Amino acid sequence: MAGKKPNKRNVVRNASTRPTGFYYILAAIAVVGASILGYTLLRKPSGAVGTEITPGPAVASGPAQGYTMGKADAPVEIIEFGDFECPGCGYFAVVTEPDLRTRLVQTGLAKFTFMDFPLGMHKNTIPAHNAAACANDQGKFWEMHDRLFATQDQWNTQATDNPKPFFEKYAEELGLNKDVWLTCYNARKHEGRIMANVAEGERRMINTTPSFVVGSKLYVGALGYDALKAIVDSATKK
Amino acid sequence: MIVAALALAGIFVALYLLLYKLGMIGALSCAVGSCEIVNTSKWATFLGLPVAGWGVGFYIGMFVLAMASTRDAYAESRTISALLLAVATTGLLFSGWLTYLELFEIHAICQWCVVSAIIVTVIFFVTVADYREKSRKEESESALAE
């Protein structure tokens with residue numbers, strides 16, 4: 001090595017391409033990035049932390065009325081403010097709700113109420129809420145609710161400008177009296193109630209779906225079953 | 001070196017969006033005017049994979065290439081500069097398409113997607129400058145050799 005003539009180009013390269021500071025900068029970016037990601041991953045999921053809410057004064061928008069399943073005297077009521085076109089609500093309905101129904105509602109630990117909260121950004125959601133409300137007239141709200149969430153990607157804003165044929169098909173498949181359902185749907189018979197439910201949600205400081213109200217606490221986002229069970233247990237103890 | 005540092009930062013931004021998309025950060029929800037709309041839209045998936053996943057792959061690729069380009073053996077290689085430029089151009093075009101979708105199709109802007117778009121744009125201009133410099137050097141060296 002000592003006898004070798006130094007390569008001028010390599011000397012220049014070594015000096016310019018890999019200064020120690022470069023590795024410090026990379027290390028700093030890696031540490032900051034990993035810390036932020038680690039913190040975000042390890043902190044408690046936001047959905048499981050309830051926020052205390054103080055409902056505002058009631059507004060004259062008609063009677064708000066949700067759709068309830070379970071025993072009337074169940075010790076806890078879980079109220080979901082949901083939007084039929086919201087993927088988060090769809091995720092909750094498909095993944096968590098079956099467990100909620102069999103393990104909390106059917107066992108009498110809680111009752112579950114769905115309140116309409118259609119978001120303005122979803123163009124087909126109000127027709128969907130109307131479709132469900134009209135199915136409710138024939139005692140099949142939950143059947144339509146389940147069908148709408150399960151097929152969300154077929155009738156949502158991205159899929160179609162005209163969701164009505166889809167809803168008509170579901171009404172038929174669910175065995176509803178089609179003419180009665182269609183008359184109700186075309187007349188938007190229950191839109192006042194749907195908007196009253198939105199007003200009720202806004203009064204309870206809701207601006208995201210799905211949002212859940214249990215007692216005086218608000219939980220935002222698609223909760224998993226374990227989080228819901230913990231919330232119900234904690235509300236039952238009170 | 002600048003590209004490597006930016007790509008490393010980009011890896012974390014894309015990873016954050018990917019973890020969000022996979023439901024590992026917070027609960028999936030729909031809200032007005034934020035990343036939720038963008039990340040729950042039908043355009044959040046490309047060729048069956050979350051767009052954020054493609055982003056992670058892109059930034060890892062950029063980072064590896066950029067680190068290789070700082071090695072002595074490749075320090076003056078125009079080939080690796082051309083490769084960096086090609087990947088950066090692909091990233092810029094993809095990012096431009098995503099920004100178009102945000103503005104004109106989804107009508108919502110996700111701030112983390114904007115951060116990523118800025119990183120990709122800076123990476124692109126740095127790789128262009130690097131490629132031009134390497135080309136100039138190579139041309140002047142070959143002119144000297146003649």
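Exposed, for today, means over 50% relative accessible area, and buried means under 20%. Keep those cut-offs in mind. This is a predicted model.

Start with confidence. Chain A averages a pLDDT of 86. In that chain, 86% of the residues score at least 70.

Now A:Ala72. Is A:Ala72 buried or exposed? Its relative accessible area is 69%, so A:Ala72 is exposed. You'll find A:Ala72 in the loop between strand 2 (67-69) and strand 3 (76-82) of chain A. A:Gly108 sits 36 residues away along the chain, with 9.2 Å between the two C-alpha atoms.

On to the cysteines. How many disulfides are there over all chains? The count is 1. A:Cys134 pairs with A:Cys184, sulfur atoms 2.0 Å apart. A:Cys134 is in helix 4 (residues 125-137) and A:Cys184 in helix 8 (residues 178-186), both of chain A, so the bond ties together parts 50 residues apart in sequence. The S-S torsion is about -80 degrees, which means a left-handed disulfide. Both ends are buried: A:Cys134 at 1% relative accessibility, A:Cys184 at 6%.

The cut-off is 2.5 Å. A:Cys89 is buried too, at 0% relative accessible area.

Chain B next. B:Cys113 has its closest cysteine sulfur in B:Cys110, at 3.3 Å. That is also too far for a bond.

Methods
Residues are numbered from 1 along each chain as its sequence is written. Chains are lettered from A and ligands numbered from 1 in the order in which they are written. This is a predicted model: local features need pLDDT of at least 70, side-chain atom pairs count only at pLDDT 80 or more; totals for chains, interfaces and linings use all residues. Side-chain values use heavy atoms; hydrogens and water are left out. pLDDT is the predictor's confidence in each residue, from 0 to 100. Helices (H or I, at least four residues) and strands (E, at least two) are DSSP runs, numbered from the N terminus. Buried means under 20% relative accessible area, exposed over 50%, partly exposed in between (1.4 Å probe, protein chains only).
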